[in-house]
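Please open the model in your viewer and keep the selection panel at hand. The tour begins at the ligand and then moves on to the pockets.

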Amino acid sequence: MPKTVLGVLASGRGSNFQAILEKIQAGRIEATVGIVISDRSAANVLKLAAAANLPHVCIERRQFTTKEDFEAAIAQVLSDYKVDLVVLAGFMRLLGTTFVRRFYGRIMNIHPALLPAFPGADAQRQAIEYGAKVSGCTIHFVDEGMDTGPIILQQAVAVEPDDSPETLAARILNVEHELYPRAVRLFCENKLQLEGRRVKIRD
Ligand code: GRF
């Protein structure tokens, strides 16, 4: 079977991208990284992609008049590289309708909370301020809402009484680095079946 081609969209550090890449390199995921796209020229994820000799490009919002043109440029690059699965890994922008519809069922995101709790920015701080005893992380298909798409995998992480947003984020991040590669692997093995809001995982 041909390998699944991934297109990674990331705005920053890129540790989830790195975790997925390492599983690919270890032969645990039958995929190739076709292209890494960042909307920030200084993003560490671009350095990680360069270090791994992978194609990478920066596409900045300010290069375009409208959000639609910006997203059309991203979509064009993903098509040029024949991407099968779009992996949002810390991509700090909400994608619009045209883009989401074009790739629906083929875009995943990771969120550092147990959705639908604490969507949006600063999810770890939200969990602490709410007084939650448990948070976690969620991998979901992307729809047009903010962190509202069909849930693929979730894992709980305890919120400790003395947690700061940073300590909780670090504990969740360890789980993210296991969970995101697992979700990508399930997709690559054609084991994810999207039925309305539900994602069934085939044996
Ligand atoms: C992660 O916490 C992820 O859940 C959130 O943004 C962060 C990205 O981290 N969406 P990294 O860039 O993958 O290190």
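For the residue classes used on this tour, Ala, Val, Leu, Ile, Met, Phe, Trp, Tyr, Cys and Pro count as nonpolar, Asp, Glu, Lys and Arg as charged, and the others, Gly among them, as polar. Bear in mind throughout that this is a predicted model.

Select the ligand, and then the residues around it, which are Arg13, Gly14, Ser15, Asn16, Gly90, Ile110, His111, Pro112 and Glu176. Coloured by class, this shell divides into 2 nonpolar, 5 polar and 2 charged residues.

Next, show the ligand's oxygen atoms: a polar side-chain atom of Ser15 lies 2.5 Å from one of them, while a polar backbone atom of Gly14 is 2.8 Å from a ligand oxygen and a backbone N or O atom of Asn16 is 2.9 Å from a ligand oxygen. Of the 370 Å² that the ligand exposes when taken alone, the protein buries 86%.

Now widen the view to the largest pocket, whose space the ligand takes and which holds about 970 Å³. Its lining comprises 39 residues, with Gly90, Phe91, Met92, Ile110 and Pro112 nearest the centre.

Finally, turn to the second largest pocket, with a volume of about 160 Å³, and select α3 (67-80) and α4 (97-103), each of which supplies at least two of its lining residues. The greatest contribution, 5 residues, is that of α3, and by class the lining has 3 nonpolar, 3 polar and 4 charged residues.

Methods: Residues numbered from 1 in each chain as written. Predicted model: local features only at pLDDT ≥ 70, side-chain atom pairs only at ≥ 80, totals over all residues. Heavy atoms only, no water. Near = heavy atom within 4 Å. Polar contact = N/O pair within 3.5 Å; in protein donor to acceptor, adjacent residues only side chain to side chain. Areas by Shrake-Rupley, 256 points an atom, 1.4 Å probe, with all protein chains shown as cover. 1 Å grid on protein atoms, 1.4 Å probe; cavity = no way out; pocket = protein on both sides within 12 Å on 5 of 7 lines; lining within 4 Å. Sits in = over half its atoms within 2 Å of the grid points. Points joined across faces, edges and corners; volume = space filled by probe spheres on them. Helix = DSSP H or I, 4+ residues; strand = E, 2+ residues; numbered from the N terminus.
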